[in-house]
Amino acid sequence: MENTSSSRPQSQISGHLSEASTSNKAPNTSPLPHTAQQNRTMSTQSLNKHDYIATGQINGKIEDGDLKFERLKDLPEETLLPKVQELVAYLQRMEEYHRGDGMRVQKMLGDMYWDYTSLRETIGDALAKEGYAGASMKMLKTLNSIGIFKNDDVWFPTYYAYNTLWNFSDASSKLAQSLAENDAVRLLTLNCGHKPYLSAIHSKNVYYVLKASLSILHNIAKNPSVKHLFEENKTSEIIMPFIKSEDEMLKILAMLTLAYIVDEEDNSTLIDDTGVIKCVVNWIDKALDQQRRRYKGFTPTELTEGLDKLAVNDKNKMKIIEEGALPLFIKMLQTDDVHEQSACARCIWTLSFDKDARKKIVEFPELVQTLEKFTDSANKNLQKNASGALWILNGENEASKAATRPKSAAASRTKGHIFLSYSWSDKEIAYQIRDRLRAEGYAIWIDVERMGGSTLEAMADGIENSAVVLICMSEKYKQSPNCRTEGEYTFQLRKEYIPLMMQKKYRPDGWLGAILGAKLYFDFSGKYPLEKSFQGLLKELRGRGQVTPGNTPTGDSTDGPLIQSSSTSNHASPSTPSHHHTVNNNILNMGQEEVAKWLRTIKLNECIPTFNQFDGKLLLQLRDMRQEAPEFFYQCLEKKLNMSLIEILKFTKALEELH
């Protein structure tokens, strides 16, 4: 979200809050009041009192009159962006920030958010490129060491730094990513947990710092690749108390941030204990009734995007519908705002993966009819999201449709290819894998080249006629309804697939974890050299999808790091069978006594009473369950059969080896 308050930064409160060192405790970051609009209300006139020409080294030159502190309005983009570069360079060279210049630089940059509304993302991306995130983090930490509430000379630069970071991290995902990479998650998390701040929350300045910190954390959290930083800094447990806050702004900021950063199991607890879905739906309703279509600074689009993240968890889908989201979605689809329409269509697509939710959605014919109109939209995202939602609602993702769906000419020509299923955010690595596979003579089906005509029908053709599917796993992949459509269709058709890890420190859960199960995956996240992982992938492919066998790699290549996805992750040979079992008649003929004897053999005597009704056929069914529904399999062992972790690990390994 952006900062929309219209209040001016207030003079520093009398007295002195306890300030903690940013090295290990809550930072000294000075809480200011709040605003994006605030920047506007601190008039140019008040700044002009201190206007002067800065003399110094700018862009490698020392010139008089090189940088003038003034509001930069009505400049063409080609003139504005060099000014951004100059301001960031000036900020980077500063050693002290409480002498006036720090405030002026931050305010000049912050004013651009309001003076160049159509260039917000461009300016934010430029700030990220020029190193503004690192310079601002250095500035805030330096001001912390002084004590941000010490006096106005320290408070005002702190205020404008937070304000500018708040707004442009909302506009630019690149800047949000850059902030995460420059220790912002730690600093902002410390702010949110700093006891002196929490005890003085009645102060407008303290309140501003907490609100700004939560808002910037929310903007950063939208980047799934940095989710591990929130885990490392225990952000979720620190901001969790805000959910019970009487202040609606802090409550909703905490809720929406947690929706992005908690795992699915914790997500369920969050929903059950806090009523977050009801709150978000209520805020969407209020935002739609406002003339500016904002409530507490949040647009319906932002709130729906948060709801979409909650909807990724299948347990939340019906809860969202039961709280009355669908009538609000109809209102959003009927607006002229293409961003609202697209966010709404995407959320409906995400909800549609639950069969009960699908039934409820089709009970709103007006909603479905409106989606149908958008399948020809000129806006690419809206067209994709509307078409995707209808694809699932109409049951086109069911395996039974594969036999009756007309085959395209392209599918006939490329039968036996490799289908590469990936998230757009992972495209750079995905394209490297594509190029290397092509060099080895493999035919690759990838959406950037072959998805002509009806994209979803082309996707279905591609998967149905593939020899194997490569599933490129990441948090972004899991959150994408488009990727889920591809992944689940692959699974339903029982197609051969090989998981590839694209994100460091990522642990698949939810629907993606269910598909992955205990399968082995190759790590392309950068943890290992790409070539080593690639050579392992080639061996696992065993020529499937290869159209020019003469290019088969030699036997001199070494196995890539192949990681097991369960809690017993280890390195294994790519030739290790991942899911096919030869059913031995000896297993089928096992009776209950033989099962008990087998349990003694694998040293699970204490589990014999639990399995007293199991015979060989039931064991085989249990093994099949592990492949087809691994999440349910492990839940059954733990919760239904009351097995400990060690017992589960022993049993799973023995079951896999049972012949």
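Where is the place of K296? K296 sits in the loop between α16 (276-289) and α17. Welcome to this predicted model, in which local features need pLDDT of at least 70, side-chain atom pairs count only at pLDDT 80 or more, and totals for chains, interfaces and linings use all residues. Residues are numbered from 1 along each chain as its sequence is written, and side-chain values use heavy atoms, with hydrogens and water left out.

- K296 has a positive phi of about 55 degrees although it is not a glycine.
- With 39% relative accessibility, K296 counts as partly exposed (buried means under 20% relative accessible area, exposed over 50%, partly exposed in between, with a 1.4 Å probe and protein chains only).
- R494 also has a positive phi of about 55 degrees without being a glycine, and its place is the loop between α30 (481-492) and β6.
- R494 is exposed, at a relative accessible area of 61%.
- For background, most residues other than glycine have a negative phi.

**A pair of helices**

- Helix α17 (residues 300-311) packs with helix α20 (residues 338-351) at an angle of about 15 degrees, their axes 9 Å apart (helices are DSSP runs of H or I with at least four residues, strands are runs of E with at least two, and both are numbered from the N terminus).
- Axes here are lines fitted to C-alpha atoms, for helices over the stretch in contact, and angles run from 0 to 180 degrees between N-to-C directions.
- α17 and α20 are therefore roughly parallel to each other (angles under 35 degrees count as roughly parallel).
- On the α17 side, P300, T301, T304, E305, L307, D308, K309 and A311 make the contact; their partners in α20 are H339, E340, A343, C344, R346, C347, T350 and L351 (contact means heavy atoms within 4.5 Å).

**Helix α3**

- Helix α3 (residues 77-93) has 17 residues and reaches 25 Å from its first C-alpha to its last, close to the 24 Å expected at 1.5 Å a residue (the expected span is 1.5 Å times one less than the number of residues).
- The buried residues of α3 are L80, V84, E86, L87, V88, A89, Y90 and L91.

**P499 in its strand**

- P499 lies in strand β6 (residues 497-501) and, at 3% relative accessibility, counts as buried.
- Leaving aside neighbours within four places in sequence, P499 is in contact with I471, M473, L516, K519, L520, Y521 and F522.
- P499 and F522 are 23 residues apart along the chain, and their C-alpha atoms are separated by 6.7 Å.

Methods. Angles under 35 degrees count as roughly parallel, over 145 as roughly antiparallel, 65 to 115 as roughly perpendicular and the rest as oblique.
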